[in-house]
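Biologist: I would like to learn how to read a model like this one, feature by feature. Could you walk me through it?

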Amino acid sequence: MPKIHFTSDDPDWAEWWVNPVKDGSPEADPTDLQETKEYIERTYTPETQAIITIKVRSCREE
């Protein structure tokens, strides 16, 4: 799969959200964080990866 270089006028595309360890915790769930990072590394170019920020949700989503 070729890597994607993505740019947009919408800054929200670069925000990726992961689940917290438990609801209300600022700490990311380690498994969710690792899987998200691996997906970003596989999918996007290094230039695009540098733009992406990973944030922690306030409560868990399934």
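Biologist: Let me start at a helix end. At the start of α1, which backbone nitrogen does a side-chain oxygen of aspartate 29 reach?

Modeller: Keep in mind that we are looking at a predicted model. At the beginning of α1, the backbone nitrogen of threonine 31 has a side-chain oxygen of aspartate 29 within 3.0 Å. Aspartate 29 itself counts as buried, since its relative accessibility is 16% and the cut-off for buried is under 20%.

Biologist: Which residues of α1 are buried?

Modeller: They are Asp32, Thr36, Ile40 and Thr43. These residues lie on the same side of α1, because they cover an arc of only 80° around the axis. Pro30 and Arg42 are exposed, on the face of α1 turned away from the buried side.

Biologist: Which residues make up the largest nonpolar core?

Modeller: The general idea first: in soluble globular proteins, nonpolar side chains tend to be buried together. Here, the largest nonpolar core has 5 residues in all: Trp13, Ala14, Ile40, Tyr44 and Ile52. Ile40 is also one of the buried residues of α1. As for alanine 14, its contacts beyond four places in sequence are with Ile51, Ile52 and Thr53.

Biologist: Let us turn to the strands. Where does tryptophan 17 lie, and is tryptophan 17 buried, partly exposed or exposed?

Modeller: Tryptophan 17 belongs to strand β1, residues 15-18. With a relative accessible area of 40%, tryptophan 17 is partly exposed. To read its surroundings, look past the sequence neighbours: outside four places, tryptophan 17 touches Lys55, Val56 and Arg57. Tryptophan 17 and lysine 55 are 38 residues apart along the chain, yet their C-alpha atoms are separated by 4.8 Å.

Biologist: Now charges. How many salt bridges are there?

Modeller: As a general point, side chains of opposite charge can pair when their charged atoms come close. In this model the count is 3 salt bridges. One of them joins the side chains of glutamate 15 and lysine 55, at 3.0 Å from N to O. Glutamate 15 is in strand β1 and lysine 55 in strand β2, so this pair ties together parts that are 40 residues apart in sequence. Glutamate 15 is partly exposed, at a relative accessible area of 27%, and lysine 55 is likewise partly exposed, at 31%.

Biologist: Which side chain does arginine 60 meet in a salt bridge?

Modeller: Arginine 60 meets aspartate 29, with 3.4 Å from N to O. Because arginine 60 lies in the segment after β2 and aspartate 29 in the loop between β1 and α1, the pair ties together parts that are 31 residues apart in sequence. Arginine 60 is partly exposed, at 33% relative accessibility.

Biologist: What else does arginine 60 touch?

Modeller: Not counting residues up to four places away in sequence, arginine 60 touches Asn19, Pro20, Val21 and Asp23 as well as Asp29.

Biologist: Which side chain does glutamate 61 meet in a salt bridge?

Modeller: Glutamate 61 pairs with arginine 57, at 3.3 Å from N to O. Glutamate 61 counts as partly exposed, with 45% relative accessibility.

Conventions:
Residues numbered from 1 in each chain as written. Predicted model: local features only at pLDDT ≥ 70, side-chain atom pairs only at ≥ 80, totals over all residues. Heavy atoms only, no water. Contact = heavy atoms within 4.5 Å. Core = buried A, V, L, I, M, F, W, Y, C linked by side-chain atoms within 4.5 Å. Buried < 20%, exposed > 50% of the residue type's maximum accessible area, 1.4 Å probe, protein only. Helix = DSSP H or I, 4+ residues; strand = E, 2+ residues; numbered from the N terminus. Arc of directions from axis to C-beta. Polar contact = N/O pair within 3.5 Å; in protein donor to acceptor, adjacent residues only side chain to side chain. Salt bridge = Lys/Arg side-chain N within 4 Å of Asp/Glu carboxyl O.
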